[in-house]
Amino acid sequence: MRAGNLIYRSERDLPETVSLFPLTGALLLPGGQMPLNIFEPRYLAMVDDAMGSDRLIAIIQPQFDTFGNPLETECPPLCTVGTMGRITSLTETGDGRYIVSLVGVCRFRLLAEMPLKKAYRRGRVAPFLNDLAEESGADVDRDALLETFRSYLAANDLEADWESVSQASNTTLVNSMSMMAPYGPAEKQALLEAPDLKTRAETLVAITEIALARNGSENDTLLQ
């Protein structure tokens with residue numbers, strides 16, 4: 001897996017512990033790019049430390065209740081699966097913030113949190129090594145994915161750059177659509193934890209079809 005100037009090939013290229021950046025509703029997938037606006041002092045310190053070492057930080061969701069709402073505690077428990085990302089660019093804004101670009105390297109399972117010695121949290125992790133080899137996406141039902149995407153865009157009066165979509169690989173298409181999809185924490189976590197690209201595509205189609213059906217029912221109710 002290439003992230004910026006570095007290629008991650010094996011477990012030896014990855015740390016055993018990583019800084020944890022809890023973000024509700026955020027989804028970073030291997031090879032995906034996530035912009036971050038960093039302004040909290042503890043996360044500014046986290047980025048400084050990462051830039052001085054391996055440039056890796058982990059995006060992980062706080063645990064949520066059955067309705068998808070984050071648990072309202074000062075230090076909420078975290079989901080068990082997140083994604084390590086490499087900082088590939090950093091811009092100082094002049095008003096104390098960092099604008100960071102993070103590229104997904106691989107998912108991980110959170111084994112345990114480390115004792116809190118700094119302002120930010122760290123965890124001992126087990127990487128999903130299969131993520132380091134890019135999936136071909138040959139078994140993804142591209143037609144079903146695109147048809148669902150078209151229906152979603154039509155229902156929400158949105159447009160897409162279909163030329164770029166047609167040229168995108170199945171891997172890029174599935175992961176980009178999953179990251180951009182405006183769904184809640186539970187749906188984002190389901191997409192993250194899908195064991196392979198085919199399952200992620202099927203999960204995305206199912207979630208989108210449920211959202212479209214729900215919106216259709218609400219519109220029917222309003223018309224009665």
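A pocket is an open set of points, on a 1 Å grid over the protein atoms alone, where a 1.4 Å probe fits, with protein on both sides within 12 Å along at least five of seven lines; lining residues have an atom within 4 Å of a point. The structure is a predicted model in which local features need pLDDT of at least 70 and side-chain atom pairs count only at pLDDT 80 or more, while totals for chains, interfaces and linings use all residues. Residues are numbered from 1 along each chain as its sequence is written, and side-chain values use heavy atoms, without hydrogens and water.

**View A. The second largest pocket.** Its volume, the space filled by probe spheres set on the points, is about 320 Å³. Among its 17 lining residues, Met 1, Pro 30, Gly 31, Thr 171 and Asn 175 lie closest to the centre.

**View B. The largest pocket.** This pocket has a volume of about 370 Å³. Closest to its centre, of 19 lining residues, are Phe 21, Pro 22, Glu 40, Arg 42 and Tyr 43. Two or more lining residues come from each of β3 (17–22), β4 (33–38) and α1 (41–51).

**View C. Helix α5, residues 185–193.** Pro 185, Lys 188, Gln 189, Leu 191 and Leu 192 are the buried residues of α5 (under 20% relative accessible area, 1.4 Å probe, protein chains only). Seen down the axis of α5, these residues fall within an arc of 160° and so line one face of the helix; the arc is that of the directions from the helix axis to the C-beta atoms.

Key
Helix = DSSP H or I, 4+ residues; strand = E, 2+ residues; numbered from the N terminus. Buried < 20%, exposed > 50% of the residue type's maximum accessible area, 1.4 Å probe, protein only.
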